[in-house]
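Work through the exercises below with the sequence and the model open, and try each task before reading its solution.

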Amino acid sequence: MRPSDDLTTFLMACRKAYNDFVLYHNFRHIVDVLQAVFYFLLRNGILPPYPHGAPSTTNHPAHVSALLKPFDALTLLISAIGHDVGHPGVNNAFLVALNAPLAQLYNDRSVLEAFHCAAYSQILRRYWPEAFADAAMRKLMINSILATDMGLHFKYMVDMGNLQERLAASEDMIDSWTPKALEETRDLCCGLLIKCADISNVVSILFSHVMNFSPNVAHRLGSTTLRHNGLRY
Amino acid sequence: MQVVESAVGTWSFSAHDFDADELLYAALVMLQHALQMPELEKWRMSTGEHFIAERTALLLSELTCDLQTTLRPS
């Protein structure tokens, strides 16, 4: 077992790489996203029950869940921790409009996400070399972090729709799919999981309101909450 | 810390309930839970090996510098 000291040192380095002056994309947001990913993986049986030895709480996991292995679970958790490293507090549109050096470096495409990934890779190289050295893990991590670019959101929604159609057509039996199709599906699932976790904070706030209000009021409140909530950590 | 350990397994987890050190501990708990899976042994390390390797590398580097200084023609 990796000593806690090493993991703690790694996490302290990660924490230091986030800016406290940034109101939303700070370390608090990261742990929130990490925990959401953790919860999704628990409920789909991709992580063992928590706490260790507790009864399983998986609830009709999706067939595609079987595609995600322990390796993918760890990669997703690692990706969540570093997915906003060094966030400056402005978005891609702002950086592109200003022709900022970072936007020039990354050719205006997923500027921040590419930066987070590159910066985080250096943290991994220094503090968790086993994760950095594994080419497959790095590839999946890059895919997952880049997936958090909301500029690509609708592309992911189209891809998810296509996947749902394929699953319906094959009656959820994915065993006959080609290895390439399975890998692409795995990558897509990982991207969707981290995307969902990344924006889950608003839903978790809404959920607590829904618990206390009738459905009609909750629906109206939910819309208002989304519009006027400062989304501040 | 027990509060943190309990909270990380629930949907009602709220990062606003915890300070920076508690959040770090929460992340640690989640990573350790995943790393206990036997398939992930590769990403584990035996106790102290990381620090021993680092200190050994640092010591060798210092010795090399000293040796070069000693052997440099005066």
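A nonpolar core is a set of buried Ala, Val, Leu, Ile, Met, Phe, Trp, Tyr and Cys residues joined through side-chain atoms within 4.5 Å, where buried means under 20% relative accessible area, exposed over 50% and partly exposed in between, with a 1.4 Å probe and protein chains only. This is a predicted model, in which local features need pLDDT of at least 70 and side-chain atom pairs count only at pLDDT 80 or more, while totals for chains, interfaces and linings use all residues. Residues are numbered from 1 along each chain as its sequence is written, chains are lettered from A and ligands numbered from 1 in the order in which they are written, and side-chain values use heavy atoms, with hydrogens and water left out.

**Exercise 1.** Find which residues have the most contacts inside the largest nonpolar core.

*Solution.* The largest nonpolar core has 76 residues, and those with the most contacts inside it are A:Phe10, A:Tyr120 and A:Trp128. Ring pairs (Phe, Tyr and the six-membered ring of Trp, centres within 6.5 Å; planes under 30 degrees apart are stacked, over 60 edge-to-face, the rest tilted) also link A:Phe10, A:Tyr120 and A:Trp128 into a cluster.

**Exercise 2.** Classify the ring pair of A:Phe38 and A:Tyr50.

*Solution.* The ring centres of A:Phe38 and A:Tyr50 are 5.6 Å apart and the planes stand at 80 degrees, so the pair is edge-to-face. Both A:Phe38 and A:Tyr50 are buried.

**Exercise 3.** Classify the ring pair of B:Phe13 and B:Phe18.

*Solution.* With centres 5.5 Å apart and planes at 25 degrees, the rings of B:Phe13 and B:Phe18 are stacked. B:Phe13 is buried at a relative accessible area of 5%, and B:Phe18 is buried at 7%.
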